[in-house]
Every structure is written in structure tokens, then in C-alpha cells.
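Dear colleague,

Please find the structure below, handed over for your further work. My findings follow directly after it.

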Protein chains: 2
Amino acid sequence: MSAAATATVTLSTKHNLSLPTNHHINKSNIGFLSENSVRIRPLSVSCSRPVKVLATAAETPVMEASKSKSSAVPTIVDVDLGDRSYPIYIGSGLLNQPDLLQRHIRGKRVLVVTNTTVAPLYLDKVVSALTVGNPNVSVESVILPDGEKYKDMDTLMKVFDKAIESRLDRRCTFVALGGGVIGDMCGYAAASFLRGVNFIQIPTTVMAQVDSSVGGKTGINHRLGKNLIGAFYQPQCVLIDTDTLNTLPDRELASGLAEVIKYGLIRDASFFEWQEKNIHALMARDPDAFAYAIKRSCENKAEVVSQDEKESGLRATLNLGHTFGHAIETSYGYGHWLHGEAVAAGTVMAVDMSYRLGWIDESIVERVNYILKQAKLPTSPPEMMTVDMFKSVMAVDKKVADGLLRLILLKGPLGSCVFTGDYDKKALDETLHAFCKS
Amino acid sequence: MSAAATATVTLSTKHNLSLPTNHHINKSNIGFLSENSVRIRPLSVSCSRPVKVLATAAETPVMEASKSKSSAVPTIVDVDLGDRSYPIYIGSGLLNQPDLLQRHIRGKRVLVVTNTTVAPLYLDKVVSALTVGNPNVSVESVILPDGEKYKDMDTLMKVFDKAIESRLDRRCTFVALGGGVIGDMCGYAAASFLRGVNFIQIPTTVMAQVDSSVGGKTGINHRLGKNLIGAFYQPQCVLIDTDTLNTLPDRELASGLAEVIKYGLIRDASFFEWQEKNIHALMARDPDAFAYAIKRSCENKAEVVSQDEKESGLRATLNLGHTFGHAIETSYGYGHWLHGEAVAAGTVMAVDMSYRLGWIDESIVERVNYILKQAKLPTSPPEMMTVDMFKSVMAVDKKVADGLLRLILLKGPLGSCVFTGDYDKKALDETLHAFCKS
């Protein structure tokens with residue numbers, strides 16, 4: 001029995017949320033494995049809430065005035081990676097609790113890396129959280145252009161330029177303030193500057209909060225492919241202030257939900273059931289619903305990553321829907337669809353194929369389609385996609401081994417999946433033809 | 001008692017070398033420590049020689065013809081870093097023993113990174129060693145321009161370009177063939193490509209063999225400073241074929257000896273005494289003398305790095321002479337003096353200062369000067385250097401902490417040093433004025 005399976009959650013239910021009082025990671029989730037498959041086992045992730053008093057009045061005197069807002073106790077997910085373990089703080093108003101960040105600052109110099117969209121919204125707030133009641137700390141910032149197309153070496157060099165021109169030394173801390181692109185670039189810069197400095201993540205999109213927060217993947221794109229240059233590098237902490245979601249565009253919000261839904265499907269049936277009951281609260285940006293969804297997503301990912309930090313097999317199960325989705329992103333062109341939108345359509349295709357193989361009930365197919373539609377996510381690929389487009393991209397997928405494409409497919413009751421190359425190729429063909437006009 | 005202290009060395013003495021049969025790391029080496037100093041303790045480095053049979057005829061049939069040359073048994077230094085441990089193979093003709101490299105190749109694809117100077121000399125030989133009797137392995141190569149000024153991001157990108165255009169996957173291996181610049185760049189490329197692939201070093205200069213072989217420091221320069229961007233990343237193995245020294249220019253050879261001499265001075269009196277007896281054999285490029293000098297250097301560095309992989313203090317002692325030397329390199333301009341030449345002059349200055357502090361006998365000052373002169377290394381800085389030049393560069397040294405410059409100085413009997421900021425500043429002033437005209 002894992003720690004997560006016995007953790008008691010005591011979030012308030014003031015918004016009529018249906019919140020379970022405990023989680024069951026059912027033994028039946030891990031059945032139905034065939035050869036060449038990866039078995040999923042829950043492991044050492046603990047959830048503690050409430051936590052100890054986080055700041056004394058003496059340490060953060062100026063926060064007293066806004067005490068009613070800042071006294072919210074964060075949910076904490078501990079990511080267990082030995083001496084690289086770190087906490088994820090989740091909650092509303094956490095940027096008004098300076099101690100959460102300040103306890104993880106080493107040295108006296110901080111470099112905040114953000115972009116032109118996020119800086120006007122949150123940079124001042126973050127600088128304040130880093131320095132209030134802490135006059136010894138000085139903060140520099142570098143504001144990068146916004147967008148996946150700037151996730152390159154030229155833009156990364158601007159971070160190094162700023163760090164070096166500011167004469168930062170090894171005891172400085174880099175802070176990533178933004179979505180996945182900023183988190184990946186700032187993390188890789190932190191991994192490489194002076195061969196590694198401290199790093200804190202403040203993700204401001206659902207996608208970054210539920211995906212990039214856990215796993216330590218950092219990096220940049222090469223003109224010939226995404227995320228080809230980078231490092232595995234863990235932060236000192238991740239701070240998720242759910243208030244930052246108030247400024248997130250609707251499509252970005254929904255895109256992140258695609259990953260949330262994925263966690264339920266691959267390994268956590270009760271979480272999926274909770275999502276079905278609370279999808280309206282999530283779409284209405286209810287902060288408590290989001291805090292819970294982010295927490296369970298991070299816990300699920302942390303359990304997987306704790307067992308497979310460097311992605312040797314199990315971690316691949318996090319890519320449900322991503323193989324089909326990646327084909328859509330590559331063929332349709334990045335920027336037309338958001339990542340989560342492509343993943344949503346890809347998930348529907350993976351679920352369809354699982355059903356054709358006779359591995360899941362029809363009811364699961366219907367439930368996946370229904371929840372994605374409620375989340376205003378696509379449930380089929382763009383009309384321009386052809387069978388050949390899918391096949392040509394999938395042929396060079398990282399998960400191809402010895403000419404065999406391994407896929408993440410659902411198998412068994414809700415919340416069970418396999419990572420396998422051992423499936424009837426006819427089912428894949430049928431799925432592709434069912435979703436493509438040609 | 002460390003493993004090194006009891007290792008028995010059984011090298012042949014056919015060149016009238018004075019080779020000790022065992023090493024003593026004397027307890028007295030670690031005395032004379034003051035506050036703010038770092039204590040040196042020998043640790044788990046083992047030397048095994050002879051080793052098991054390295055290749056069967058069935059595995060490497062084509063090598064039978066050259067058996068007399070290739071059957072030399074390498075000296076092995078094991079660098080003990082837990083799950084990142086690796087062997088250093090040292091000896092003559094090792095590039096004629098394909099199994100040494102092939103046992104460390106993972107996957108079927110190899111990328112050799114080398115430069116325009118080394119490629120014509122050794123690239124074919126290395127490709128042959130990688131592929132002979134091993135038709136499944138395919139080798140790509142990228143040949144970079146030679147020189148410190150190309151140790152930059154633009155040149156590094158050529159390595160990524162080649163790896164990506166060649167569609168290398170995570171199971172490939174990068175091989176660095178060349179001196180320190182190639183080792184540092186290839187290592188950082190390996191650390192970053194797909195977030196980390198396997199890496200083998202084949203250093204071809206004395207400097208790279210005795211310094212870059214151990215420690216895992218990789219990286220590139222920024223226009224504002226050296227080695228500011230990089231990673232700590234350990235190789236799968238290091239292969240040192242002492243035959244490659246036959247093509248090394250005299251100045252490069254002597255430059256590497258400055259680091260060899262340093263190891264004796266900071267922690268290994270018997271090694272320094274061996275150097276005094278064998279400096280003529282080293283200058284005559286005697287392969288057995290070099291094999292021994294490289295082995296003891298690697299063992300000494302490995303002991304230090306095993307205790308302090310990420311350079312938190314002890315590892316700084318490896319920088320004897322480097323603070324003064326760095327001031328020379330920076331003021332005089334990189335490229336005029338080789339790194340080891342600047343280190344030699346810097347070592348003389350550090351030794352002079354240690355004597356002025358009353359920390360060492362005059363005999364040590366004389367012995368250091370004498371051996372460096374025999375190695376045809378400079379024993380004073382270039383005439384253009386002024387006291388102000390030294391002071392301005394030393395003020396921004398990485399080892400300055402809270403305004404105090406910490407230096408590596410000799411203290412006690414031969415082979416003992418301290419890393420300390422606790423010294424009489426007058427001695428530093430006197431040393432600078434003694435070696436500068438103004």
C-alpha cells in the first residue's frame with residue numbers, strides 16, 4: 001500500500017465539489033500486462049496538509065496587513081528523488097506568502113526568467129515575494145519573447161548573458177516564472193550556468209503546473225526537433241499559485257486539462273471519476289477544484305518519476321495520446337493546435353484502438369469522449385490529417401525499438417494501461433482510417 | 001590507510017626509471033591546518049595491474065596479427081564515484097586494443113568529436129578501434145576547428161547538428177578525441193544531447209590526460225569568461241594511449257608536466273621525489289615514465305574528486321598556482337602562454353609566498369624551481385605583468401568569499417598544502433613585488 005493510497009485530503013467543499021476523503025490505487029489497476037509491457041506500481045509520494053506555520057511575524061512583518069489573504073495553507077506534494085527531492089506548494093494566494101520562496105533561496109542573488117506576456121502580470125509580485133522582509137536579497141530579471149519558437153539557443157544565451165553580466169556566482173538562484181517554455185529554458189540555463197545553480201519554478205499555466213512541475217526535464221529545441229538539447233535537473237521547489245490561472249486564456253486552460261484527464265486514465269480511476277463530477281467547477285476556474293486537480297496530477301506524475309527518473313520505460317506511460325498527438329502537432333504545424341489539444345485528440349485515438357483490441361469496455365470510450373467535450377477539447381484530429389501523415393511521423397517516434405512502435409494503450413478496468421509493442425497492427429490501421437478521410 | 005597507499009606497482013624498469021614499489025600517503029601530509037582551511041584525506045581509489053585478459057581471439061580476430069603490439073596490458077585507475085564510477089586505461093598501444101573501447105560502447109551508433117589537428121593523426125585509428133570485429137557499430141565524426149577560441153556555443157552547435165542530422169538516439173555514444181578543449185566540448189554535448197548520452201574520452205595531450213580525465217568538468221566559454229557554461233558529467237571510460245604523445249609539440253608536453261608536478265606538491269611527496277629522479281625520462285618522452293606519471297596524477301586527482309565531486313572546498317587544492325596563473329593568462333592574453341606555463345610561474349609564486357609566511361623550508365622553494373626549469377617551464381611571470389594586473393584579476397577570482405581571497409599554499413613538509421584565506425596579506429604583497437618590476 002503506498003503512502004498516497006492512505007493520504008487523507010481535507011480540502012473544503014464550499015463550492016459543492018465532490019472531493020473524496022481518500023484515494024485508492026486499486027490492485028486491479030496493475031493487471032492485464034503482456035510481454036514487452038511496463039507494469040505500474042504506486043510508490044513513495046506523500047501528501048501532507050495542513051503543514052506547519054510557514055512564517056513568523058518577525059520574519060515577514062509587511063505581510064501582516066494582508067494576512068487574511070496570505071494565511072492560506074498550501075497543499076504540499078513532496079517529490080521523492082533521494083537527495084534531489086523537493087516540495088510542490090499548491091494553493092491560492094501563495095505569492096503573498098514570501099517565506100515559501102525565501103526558504104529555498106540559497107545565496108543573495110536571484111535571477112527571474114520570464115517572458116513578455118507574464119512579466120507585466122506577475123513579475124513585480126514575484127520580486128516582492130523574494131525580497132520583502134529580506135533586504136539582503138537582490139533580484140535581476142530577464143524577459144524573453146513569448147512562444148515555442150523562441151525556445152532556442154539564441155534565446156537561451158540571453159539568460160547566460162544576463163547572469164554573467166550581473167556577475168552572479170554559484171550561490172545564486174534562478175527562478176522560472178511562466179509556462180512550460182520558460183520552465184524548460186530557465187531550468188536548462190540553471191543546470192548549465194557555472195555547471196549548475198539553484199532553480200525554483202513558478203509555473204503559471206495548467207500545463208506547466210501539472211506536467212513540467214514534476215520530472216526535471218529541461219531543455220531547448222533544435223531546428224530539426226523539439227527538446228533535443230537539455231538536461232535532467234530538479235528544482236529546489238515548485239510554487240503553484242492557482243490565482244495565476246485567472247489570467248490564463250480559455251484554450252490554454254483546457255489544454256492543461258487534457259493532461260489532468262490523462263493521469264486518471266492511465267493509473268487513477270478515482271481521480272478520473274472525481275474529474276467527471278467536477279469538470280464544470282474546473283471549467284469555471286474554481287480554485288479549490290484546481291488545487292485538488294493539480295495536486296493529484298503532480299502526485300501521480302511524481303509516483304511514476306520516482307520509479308523511473310531517467311525515462312527507461314515506465315515513464316513512457318505518461319505519454320498516453322502523445323504519439324498520435326505528436327503526429328498531429330508535427331503534420332499540422334506547431335502553433336495551430338496547443339499541445340493539450342493534440343493530446344486530447346490523440347487520447348481519443350489511443351482509447352479507440354484499445355477498444356478495437358478488445359482491451360477495454362465501450363463505456364470507457366464514451367466517458368473519455370464525454371469529458372473531453374465538456375472540457376471543450378477536440379476529440380478527433382484536424383480534417384487535413386491523413387493516414388500517411390500519422391504513419392510517417394509515428395515511424396520515427398522515440399518509442400520505436402527495433403522497428404516496432406510501442407504505444408501506451410488502456411487495458412482492463414478504468415485507470416489501467418500498458419506500454420507495449422505487442423498488439424494487432426490491424427487495430428492501429430483501423431483506428432487511423434476511422435479518424436482520417438484519406 | 002587508503003587503497004592507494006597499499007597498491008603495488010609493478011611497471012618494468014627497462015629505461016632505468018626509479019619506480020617505487022608502493023606509495024605512502026603520509027599522515028604528516030594532512031597536518032598544519034588552520035581555521036578556514038580544507039583538510040586533505042586520501043580515499044577509495046584503487047589501482048589494479050595486471051588486469052584480466054581483455055579480449056578473446058573470437059571477439060577480435062583481426063588483432064591477432066599485431067598481437068605483439070596490442071597485447072600490452074594497460075594500467076587501470078578506477079575513479080570511484082558510486083554509480084558514476086569509471087576506469088581510466090593507461091598504456092602504450094591501447095588504440096590497438098579494440099576491446100577496451102568496445103566494451104564501453106552502448107548502442108550501435110558512435111559520434112567521434114575531434115579537431116583539424118588531431119583528426120589527420122588519429123581519427124582513422126580510433127574509427128578502426130571502434131569498429132574492427134564489430135560490424136554492427138557505425139561511426140560518424142565531426143571535426144571542429146582547433147583552439148581555445150572555438151570553445152564556444154557556435155562550435156558546440158556543430159556537434160548537435162551532426163548528431164541530430166545523423167539521427168542518433170539515446171543509446172548512442174560520443175567519443176572525445178583530442179585535448180582539453182575537445183574533451184570539455186564533447187563532454188558537455190554528451191551531457192546535453194537528448195538530456196544525456198554515453199561519453200568516452202580519448203585525451204591526446206598530457207594536460208588533458210592528467211587533468212581533464214578526472215573530475216567530470218565539461219563546458220564551453222562565454223565571451224565574458226572561461227568555462228561559464230557547462231555540466232558535471234562523467235565518462236564511461238577514459239583511454240590514454242601514451243603513443244599519442246609522440247606527436248605532441250614540446251611546449252604542450254611541458255605544459256602538462258606543470259600539472260603533474262602540482263599533484264606531488266599538494267599531496268604526494270613520494271610522487272614529487274619520483275619526478276625529480278625521472279624528469280629526464282619524462283622530457284625524453286619515455287612511455288613507461290609517462291604511464292606512471294599519468295597514473296599517479298589521475299589517482300591523486302581521483303582521490304580528491306571522490307571526496308568533493310561538485311567542488312565545495314577540498315577540490316580547490318587542485319588549483320595550486322592557478323590563481324596567480326589565471327591572472328597571467330587573463331592579463332597577458334590567452335594563447336600567448338599555454339595554461340601549464342602560466343600554472344608553472346603561478347606555482348613558483350605560491351611557493352614563494354608560502355616560504356615568506358614561514359610555512360615551508362627554503363629547500364622546497366629550490367626544488368620546485370629546479371624541477372620546473374628542467375621541464376623547460378617558466379619560473380616567473382612575463383615581464384609585462386605588474387602588481388596591479390595581478391591584484392585586479394585576483395579580486396574577482398571564484399575563490400573570493402566575503403571579500404577574502406582564499407589561496408592554495410604549501411604548509412609543512414613536502415606534499416602538504418592548505419586552502420585558506422587566513423594568511424598575512426603582507427606576504428602576498430611581497431611576493432607580487434618580488435616577481436613584478438612595477
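Between chain A and chain B of this predicted model, the count is 13 residue pairs in polar contact, both partners being at pLDDT 80 or more. On the side of chain A that touches chain B, α5 (153–165), α6 (180–192), β8 (217–222) and β9 (225–232) each supply at least two residues.

Four salt bridges are found across the interface of chain A and chain B. One of them joins B:Arg223 to A:Asp161, with the closest N and O atoms 3.8 Å apart; this pair qualifies because the limit for a salt bridge is 4 Å. As to extent, 28 residues from chain A and 28 residues from chain B take part in the contact. The two chains bury about 2,600 Å² between them, and 55% of this area is on carbon and sulfur atoms.

Turning to aromatic residues, the structure holds 12 aromatic pairs over all chains. In chain B, B:Phe174 and B:Phe193 form a stacked pair, because their planes stand at 25°, with the ring centres 5.6 Å apart. This pair links distant parts of the chain: B:Phe174 belongs to strand β6 (residues 173–178), whereas B:Phe193 is in the loop between α6 (180–192) and β7 (198–203), 19 residues apart. Both B:Phe174 and B:Phe193 are buried.

A further stacked pair consists of B:Phe271 and B:Trp274, at 6.0 Å centre to centre and 25° between the planes. These two residues are separated by about one helical turn, because they are three residues apart in helix α9 (residues 269–283) of chain B. B:Phe271 and B:Trp274 are both buried. In chain A, A:Phe271, A:Trp274 and A:Tyr292 form one aromatic cluster.

Most residues other than glycine have a negative phi. A:Leu194, although not a glycine, has a positive phi of about 50°. A:Leu194 is placed in the loop between α6 and β7 (198–203) of chain A and is buried, with a relative accessible area of 11%. B:Lys376 is likewise not a glycine and has a positive phi of about 60°. B:Lys376 lies in the loop between α13 (362–374) and α14 (387–394) of chain B. With a relative accessibility of 68%, B:Lys376 counts as exposed.

Yours sincerely

Notes: Residues numbered from 1 in each chain as written. Chains lettered and ligands numbered in written order. Predicted model: local features only at pLDDT ≥ 70, side-chain atom pairs only at ≥ 80, totals over all residues. Heavy atoms only, no water. Contact = heavy atoms within 4.5 Å. Buried area = accessible area lost by both parts, 1.4 Å probe. Salt bridge = Lys/Arg side-chain N within 4 Å of Asp/Glu carboxyl O. Polar contact = N/O pair within 3.5 Å; in protein donor to acceptor, adjacent residues only side chain to side chain. Helix = DSSP H or I, 4+ residues; strand = E, 2+ residues; numbered from the N terminus. Buried < 20%, exposed > 50% of the residue type's maximum accessible area, 1.4 Å probe, protein only. Phe/Tyr/Trp six-rings, centres within 6.5 Å; stacked < 30°, edge-to-face > 60°.
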